[in-house]
Amino acid sequence: MAGGGGSLGVERTKRGGASKRKKKKRVGFVLDMTPLVDITFLLLTFFMFTTTMAAPQVMEMQIPPEQTEVKVKEGSLLQFFVRGDNKVFYRMGQDDPQAVSLKDIKSVSIKQNINLGNECIVALYVSKDAAYGLVVRILDELNLAEGVITQEIEKREDPKNPGQKMKRERRFTM
C-alpha cells in the first residue's frame, strides 16, 4: 500500500470530506482449537511418561550397633563441631578447638588424614539447633577430601605387609 500506511478497513477523511475508498471486508476465519488441545495433552502425557524423574539424592550412612564405650587413641581423633549458631570448629585429639570455615574443612581433613594414614578417625558433633543444609555441606566436603586422601595413602607402602601398597580404611562417625 502506498502512502502513509494506516490500518486496513478504516476510512480516512481528507480535508475535503469523506474518502471515496471502499472498506475492505474482513474474511471470517475461525480456528477450531479442539484438535490442538487434544494433541497438546497427548504430547504432554507422552513426555511425562518417557522422561525419567529425578531420583531423590540419598546420603547413605550406616549406624553402628549400640555400644557403651569405644576406646580410641586421642591423637588419632579429628573432631568437627557444629554449634547451634552454625559456627564450625575442629580439633585434633585434645587440642583446643579452632574455628574453621566451610571451604577449609576439606584441607584440614586431607592434612590430618594424610599425616596419620589409616589411623585417623573423623568425628562430627552437631548441635540440635544447627542448620541441616550446613551439615550436608560439611559431609560433602569430607567426601570430596576422601578422594585425595585415598590417592595419597595408596601411594604408600603398607607397614604390615612390606612390598604391598596400603588400602584406604575410612573411619567416620557422627
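Among contacts in the protein between residues at least 6 apart in sequence, what percentage join residues at least 24 apart? The value is 58%, where contact means heavy atoms within 4.5 Å.

The structure is a predicted model, in which local features need pLDDT of at least 70, side-chain atom pairs count only at pLDDT 80 or more, and totals for chains, interfaces and linings use all residues. Residues are numbered from 1 along each chain as its sequence is written, and side-chain values use heavy atoms, with hydrogens and water left out.

The protein contains 3 helices and 5 strands; these are DSSP runs numbered from the N terminus, with helices (H or I) of at least four residues and strands (E) of at least two. Along the sequence they follow the pattern α-β-β-β-α-β-α-β. Of the 174 residues, 25% count as buried. Here buried means under 20% relative accessible area, exposed means over 50%, and partly exposed lies in between, for a 1.4 Å probe and protein chains only.

E2 is joined to strand E1 (residues 77-82) by 5 bridges, and the two strands run antiparallel; strands are taken to pair if DSSP finds at least two bridges between them. Within this pairing, phenylalanine 80 has tyrosine 90 of E2 as its bridge partner. E2 is also antiparallel to strand E3 (residues 98-99), with 2 bridges between them. There, tyrosine 90 has glutamine 98 of E3 as its bridge partner.

Asparagine 86 is partly exposed because its relative accessible area is 35%. The hairpin of E2 and E3 also has 5 residues between its strands, and glycine 93 in the turn has a positive phi of about 65 degrees.

Helix H3 (residues 132-155) has 24 residues and reaches 36 Å from its first C-alpha to its last. This is close to the 34 Å expected at 1.5 Å a residue, the expected span being 1.5 Å times one less than the number of residues. The buried residues of H3 include Leu134, Ile138, Leu142, Ala145, Ile149 and Ile153.

The axes of H2 and H3 come within 8 Å and cross at roughly 35 degrees. On the H2 side the contact is made by Ile105, Lys106, Ser109, Ile110, Asn113 and Ile114; on the H3 side the residues include Ile138, Leu142, Ala145, Ile149 and Ile153. Axes are lines fitted to C-alpha atoms, for helices over the stretch in contact, and angles run from 0 to 180 degrees between N-to-C directions.

Asparagine 113 is located in helix H2 (residues 105-116). Asparagine 113 counts as buried because its relative accessible area is 2%. A polar atom of its side chain lies 2.8 Å from the backbone oxygen of serine 109. Neighbours within four places in sequence left aside, asparagine 113 is in contact with Cys120, Val122, Ile149, Ile153 and Arg168.

Conventions. Polar contact = N/O pair within 3.5 Å; in protein donor to acceptor, adjacent residues only side chain to side chain.
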